Amino acid sequence: MALRVAFLGPLASFSHQAAAESFGRLSADLQPKSSFNDAFAALQQNQADFAVIPCENSTNGSVVQTLDLLADRDNSYPDVKVCGEYYLTVHHCLLTRKGLYPSWAEYDGSITKLYTHPQAWGQCETFLGKYFKGVERQDVSSTSKGGEIVSKDSEERGGAIASRFAAEHHGTDVLVENIEDRADNTTRFLILRNGCALETTHKTLISFLIDHASPGALANALLIFKKHGLNLTSINTRPSLKKPWQYIFFVECGRTPSEENKDAVHRALIELREVTESCRDLGTWKDQLSANA
Ligand SMILES: O=C(O)C(=O)C[C@]1(C(=O)O)C=C[C@@H](O)C=C1
């Protein structure tokens, strides 16, 4: 099953970008949620394996909503754990309904309302102070939500602060680009997981050669992994180049470390040496998909 990754939606938010960039290569199932609370709840209820949540911005400081959820004063999310981080460079644009203004050079100052996520205002204060002093500001659940609102409204002269990606997604114009106060504007996202659902797995890679003339030699070798509680996760072969049609087997196996199985790999290797022509321990590492505790 693909990894389920929750993030603040709708699609084309900065959180979506961060989730896609941090989990894209794992072909994850990216799940937009309408609030940070919903993303936390999905994780706690095992409806998501990970959540990608902003916690801090280089220009505007902490995302207090996230800190409040992590503070978890009423113990609603006891199993939510941080397992990683991701830095996203954040470039904001001013989005307006398609065709509303010909260009920024010809903008007549008629926008009456601006929409964005509360975090984004503070990242664009210089631009807003210069061109939109006194214009009404409406907080919305995400920058992408702001883009969606201005793409749909037909009466109002609204503007949204969001990404170029959101403009393309919602079919709005980009009236001005790079309106953030600082070109190095960066948001740090925390990667969260459910500490109960997914424990850290350690993976080990072992290679061995067996006597192909001996029936059951491979089965005997694989049974040793089973005996020591080592879960087989992949088997590959390459020609041994010693004899034609003889192979080196590469076996990857995983285990959730515990007091009982801490010597499992060592014990399995001792037994493997007895049933194989040769065998080699190629190393153990923390499985990236189960992440760090
Ligand atoms: O509104 C979005 O697009 C989000 O993903 C949220 C968020 C945030 O809360 O920090 C993410 C990155 C930017 O800093 C602005 C907004």
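Modeller: Let's start with Gln47, which sits in the loop between α2 (36-44) and β3. Helices (H or I, at least four residues) and strands (E, at least two) are DSSP runs, numbered from the N terminus. This is a predicted model, where local features need pLDDT of at least 70 and side-chain atom pairs count only at pLDDT 80 or more, while totals for chains, interfaces and linings use all residues. Residues are numbered from 1 along each chain as its sequence is written.

Biologist: Why is Gln47 called partly exposed?

Modeller: Gln47 has 14 C-beta neighbours inside 10 Å. A residue with 20 or more other C-beta atoms within 10 Å of its own is buried, one with 12 or fewer is exposed, and those in between are partly exposed (C-beta atoms placed from the backbone). So Gln47 counts as partly exposed.

Biologist: In which sense does β13 pair with β14?

Modeller: They pair in the antiparallel sense over 8 bridges, where at least two bridges found by DSSP are needed for a pair. One of the contributors is Leu232, whose bridge partner in β14 is Cys253.

Biologist: Why is the protein chain called more spread out than a compact globule?

Modeller: The chain has 9 helices and 15 strands. Its radius of gyration is 26 Å, well over the 19 Å that the globule rule (2.2 Å times the number of residues to the power 0.38, with the radius taken over C-alpha atoms) gives for 293 residues, so the chain is more spread out than a compact globule. Its C-alpha atoms fill a box of roughly 85 × 50 × 30 Å along the principal axes, and buried residues make up 36% of the 293.

Biologist: Which residues come nearest to the ligand?

Modeller: Of the 15 residues around the ligand (C-beta atom, placed from the backbone, within 6 Å), Ser13, Ser15, Pro54, His117 and Ser142 come nearest. The elements giving two or more residues to this shell are α1 (14-23), β3 (50-57), α4 (118-121) and α6 (143-152).
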